[in-house]
Amino acid sequence: MKRRTCAGGKVSLPALGLGCWSFGGTDQDYWGPQDERETERLVARALEVGCNYFDTAEIYNDGASEEALGRALGKRRGEALIGSKVLPSHCTRTEMITRCEASLRRLRTDFLDLYMIHWPLDTAAPGPGGRHPSLQEALETMETLKRQGKIRHIGVSNFGVMQLKEALDTGVEIAVNELPYGLLCRAIEWEILPFCREHDIGIIAYMTLMQGILTDRFQDFDTLPPNRTRTRHFSSRRSGTRHGEEGLEALTLETVRAVQSAAREWGMRTEQAALAWAIEEPAMTCCLAGMRTMEQLEANVRAVETVLTDAQRRRLDEISRPLLEAWGRSVDLWESPARSRTR
Ligand SMILES: NC(=O)c1ccc[n+]([C@@H]2O[C@H](COP(=O)([O-])OP(=O)(O)OC[C@H]3O[C@@H](n4cnc5c(N)ncnc54)[C@H](OP(=O)(O)O)[C@@H]3O)[C@@H](O)[C@H]2O)c1
């Protein structure tokens, strides 16, 4: 598996990371029930092929994702890199320390390779005690956790340029920023991506396959499960959306179909073209995919090893450009630009 480094070469991640949001899920959870034996097989196979970055968060299935990952890794923890995230409302000093220790317990480990603030603090609800933590306090607490050996590197997620500047002003080293990136969500290219590249902050991309929409599985949007139609691509008439906009459904579908057709022409699967395109972006350190079956893992591993020709890359750039232009600069996939949490 190809690897990329960031943060002055201190962090090395595989091109493909395993998104663990579905792990430990039940039928009450976002991704529905996830079979524990399949999770164990997935984790073992991912380690075998060098896809050894596992991305989780305290909020995923209310801690059950971390627990399932910890169980699946078992004695092979040493071969893995684990990234977890703390909610912005848990970022006061005492709360973050408690939350980090709880994550470590659930993951059955004594350190996290990456600990990230899940969303910018300025949009967070107040934490326990009704207090809003400051970014300074949050990052200094992460520094303490780093000094104590409980975390190896500090990261953020969904931070825009303004928020990154504020973070860098604290003097704390930010190793990565986890952001949405793929052919259907290129908005970070306007400002955040160049800023991260300039400051050697790695980018971990999420939803590169747009929750399975950018694969060969769906030919139209009528059969999509409702939890996958909540982003700004979809009309606010769909349940669960909160952006209040018209959405970009026709253009999104047109883009998906054009990628599917180009991939078919090249003898590739759609996810292969989509993942290969995203990881070839030089500022990208790692692309995540939530994978729930061995078939998906094998297909995605093959995909990131694919090298596109210049002509193929240019064609995918062109296919996805109208959606990039229509979408605009706002990076938050779920909120309207006026209420974007990423600034
Ligand atoms: N930092 C953040 O705010 C943030 C936000 C979102 C996600 N994330 C992270 O990013 C990870 C990935 O995001 P995500 O899981 O939401 O979306 P995703 O990776 O775009 O989509 C995952 C889904 O795509 C389908 N899939 C994956 N590979 C496939 C293949 N080869 N062929 C067909 N279908 C395939 C599977 O659907 P089925 O389930 O139907 O099989 C899978 O559950 C998460 O697990 C999480 O770790 C972070």
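The buried residues of helix α10 pack against α7 (249-265) and α8 (270-279). Buried here means that 20 or more other C-beta atoms lie within 10 Å of the residue's own, exposed means 12 or fewer, and partly exposed lies in between, with C-beta atoms placed from the backbone. Packing rests on contacts, in which the C-beta atoms of two residues, placed from the backbone, lie within 7 Å. The model is predicted: local features need pLDDT of at least 70 and side-chain atom pairs count only at pLDDT 80 or more, while totals for chains, interfaces and linings use all residues. Residues are numbered from 1 along each chain as its sequence is written.

**Overall architecture**

- The protein contains 10 helices and 10 strands; helices (H or I, at least four residues) and strands (E, at least two) are DSSP runs, numbered from the N terminus.
- The radius of gyration, taken over C-alpha atoms, is 19 Å, close to the 20 Å that the globule rule gives for 343 residues, so the protein is as compact as a globular protein of that length. The rule is 2.2 Å times the number of residues to the power 0.38.
- The C-alpha trace spans about 55 × 45 × 40 Å along its principal axes.
- Buried residues make up 49% of the 343.
- Of the contacts between residues at least 6 apart in sequence, 73% join residues at least 24 apart.

**Helix α10 and the segment after it**

- Helix α10 covers residues 310-327, and its 18 residues should span 26 Å at 1.5 Å a residue; the end C-alpha atoms are 25 Å apart, which agrees. The expected span is 1.5 Å times one less than the number of residues.
- At Ser 320 the helix α10 bends by about 40 degrees, and Pro 322 follows within four residues. The bend is the angle between axes fitted to the seven residues ending at a position and the seven starting there.
- Ser 320 is itself among the buried residues of α10, which also include Gln 312, Leu 316, Ile 319, Leu 323 and Trp 327.
- Arg 329 belongs to the segment after α10 and counts as partly exposed, with 15 C-beta neighbours inside 10 Å.
- Beyond its neighbours within four places in sequence, Arg 329 is in contact with Ala 187, Trp 190 and Glu 191. From Asp 35, which is 294 residues away in sequence, Arg 329 is separated by 38 Å, C-alpha to C-alpha.

**Shell around the ligand**

- The ligand has 28 residues around it, of which Gly 19, Trp 21, Tyr 206, Gly 212 and Gly 290 come nearest; a residue is near if its C-beta atom, placed from the backbone, lies within 6 Å.
- Strand β10 (284-290) and helix α9 (294-305) each contribute at least two residues to the shell.
- The shell comprises 11 nonpolar, 12 polar and five charged residues. Ala, Val, Leu, Ile, Met, Phe, Trp, Tyr, Cys and Pro count as nonpolar, Asp, Glu, Lys and Arg as charged, and the others, Gly among them, as polar.

- Most residues other than glycine have a negative phi.
- Met 210, in the loop between β9 (202-206) and α7, has a positive phi of about 45 degrees although it is not a glycine. Met 210 is buried, with 20 other C-beta atoms within 10 Å.
- Gln 211 also lies in the loop between β9 and α7, and its phi is positive, near 55 degrees. Gln 211 is buried, with 21 other C-beta atoms within 10 Å.

- Glu 178, in strand β8 (residues 176-180), counts as buried with 27 C-beta neighbours inside 10 Å.
- Setting aside neighbours within four places in sequence, the contacts of Glu 178 are Met 116, Gly 155, Ser 157, Ile 204 and Tyr 206. Asn 158, 20 residues from Glu 178 in sequence, is 6.0 Å away, C-alpha to C-alpha.
- Ala 205, in strand β9, counts as buried with 24 C-beta neighbours inside 10 Å.
- Not counting residues up to four places away in sequence, Ala 205 touches Leu 179, Tyr 181, Gly 182, Ala 278, Met 284, Cys 287 and Leu 288. Ala 205 and Arg 315 are 21 Å apart, C-alpha to C-alpha, and 110 residues apart in sequence.

**Loop between α9 and α10**

- Val 307 lies in this loop and is exposed, with 11 other C-beta atoms within 10 Å.
- A distance of 38 Å separates the C-alpha atoms of Val 307 and Gly 171, which are 136 residues apart along the chain.
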